[in-house]
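Visitor: Please show me the model, and then I will ask about individual residues and about the chain as a whole.

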Amino acid sequence: MYNDILSYLEKNSVTLIAVSKTKPVSAIQSLFDLGQRDFGENKVQEMVEKQEQLPNDIQWHLIGHLQKNKVKHIAPFVAMIHAVDSMELLETINKQAAKNNRQIPVLLQFHIAEEDSKFGLSYEESKQILDTLQRDPLPNVLISGVMGMATFTDLESQIRKEFKQLKNYFDNIKNQYFAKNDTFRHISMGMSGDYIIAVEEGATMVRIGSAIFGVRG
Ligand SMILES: *Cc1c(COP(=O)(O)O)cnc(C)c1O
C-alpha cells in the first residue's frame, strides 16, 4: 500500500505525511528505512516519546489540536504545526520558538466540514489574525499555508466542495497577504479515505494513517 500511495503522490508532487499516531516506534522505523521522513502525530506526549527514540532527521508534524501549555515540549524539534486556529496559540508558538532560537512553520486550520467542531477558523477570523500579524509580526512563526478536514461522509461531491473551499481560502490569502514571498505555499488536506480528491483539488500535503499502517486498534 505504501509504495502505491507514494508513487501516486510523487507523480503529483504532493508530500506524504505518514500519520503514525497509536503505532509503535518499530512501525515508524520500518517506514523510515524505506525512505519516509515526514511523520504526523496528534498528541504532544506521544510525539515527544517517539522523537526521543527515533532518528534525528525525521520531520515531525503535529497535526492535532494543540494546547498552549504543551507547545514548549515540541518547540525544540517540531517540523510543522498543522492545526493553528487562534492568535493566542500563535503567540505562544512564537515565544517558545524564540526560546529555541528558531522559526516554527505553522498552518492555519480552517473549519470546512459540515460537522460541528470547536476547531478551525472561519475565513473572517483568519483575516483578523493576518491583519494583526501585518501590524505586529511574530518573527519566530512562519505562516506556511492552510489545513483542513472534510466532513466524514461517502458523498464525494460534499468532500470535493469542502476541499475546493479550502483551496479558495488559500488562494485569496496568498494574493492578499503573501503575494511577494513563497513561504505561504502549503495546503494540508486529505486523509486515507479522501486523499485522491484532495490531490485533485490542489493539496500539497496529505496526512495518511490507516491506509499505510493499517486500521488503528
Ligand atoms: C488521524 C488523522 C489523520 C489520518 O487519518 P487516517 O484516516 O488514518 O488516514 C489525518 N489528519 C488528522 C488531523 C488526524 O488526526
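Visitor: Leaving aside neighbours within four places in sequence, which residues is Val25 in contact with?
Guide: This is a predicted model, in which local features need pLDDT of at least 70, side-chain atom pairs count only at pLDDT 80 or more, and totals for chains, interfaces and linings use all residues. Residues are numbered from 1 along each chain as its sequence is written, and side-chain values use heavy atoms, with hydrogens and water left out. Val25 lies in helix α2, helices being DSSP runs of H or I of at least four residues and strands runs of E of at least two, numbered from the N terminus. With contact meaning heavy atoms within 4.5 Å, the partners of Val25 beyond four places in sequence are Lys50, Gln53 and Leu54.

Visitor: How far apart are the C-alpha atoms of Val25 and Leu54?
Guide: Leu54 is one of the residues that Val25 contacts. Along the chain the two are 29 residues apart, and their C-alpha atoms are separated by 7.3 Å.

Visitor: Is Val25 buried, exposed or partly exposed?
Guide: Buried means under 20% relative accessible area, exposed over 50%, and partly exposed in between (1.4 Å probe, protein chains only). Val25 has 21% relative accessibility, so its class is partly exposed.

Visitor: Which residues of helix α3 are buried?
Guide: Helix α3 takes in residues 44-53. The cover over its buried residues includes α2 (25-33), β2 (38-41), β3 (59-62) and α4 (71-74). The buried residues themselves are Val44, Glu46, Met47, Val48, Lys50 and Gln51.

Visitor: What does Ile63 touch, not counting residues up to four places away in sequence?
Guide: Ile63 sits in the loop between β3 and α4. Its relative accessibility is 11%, so Ile63 counts as buried. Its contacts beyond four places in sequence are Val19, Gly40, Glu41, Asn42, His82, Ala83, Met147 and Arg207.

Visitor: Where is Ser144, and which backbone oxygen lies 2.9 Å from a polar atom of its side chain?
Guide: Ser144 is in strand β6, residues 141-148. Its relative accessibility is 4%, so Ser144 counts as buried. Among the residues Ser144 touches are Met80, Pro105 and Phe184. The backbone oxygen at 2.9 Å from a polar atom of the Ser144 side chain belongs to Leu142.

Visitor: What is the phi of Ser13, and what is the phi of Thr22?
Guide: Most residues other than glycine have a negative phi. Ser13 is in the loop between α1 (2-11) and β1 (15-19), and Thr22 is in the loop between β1 and α2. Both count as exposed because their relative accessibilities are 64% for Ser13 and 51% for Thr22. Phi is positive in each, about 55° for Ser13 and near 70° for Thr22.

Visitor: What radius of gyration does the chain have?
Guide: The radius is taken over C-alpha atoms, and the globule rule is 2.2 Å times the number of residues to the power 0.38. For 217 residues, a compact globule would be near 17 Å, so the chain agrees with the rule, at 17 Å.

Visitor: How much of the chain counts as buried?
Guide: The chain has nine helices and eight strands, and its C-alpha trace spans about 45 × 45 × 30 Å along its principal axes. Among contacts between residues at least 6 apart in sequence, 59% join residues at least 24 apart. Of the 217 residues, the buried share is 53%.

Definitions and conventions. Polar contact = N/O pair within 3.5 Å; in protein donor to acceptor, adjacent residues only side chain to side chain.
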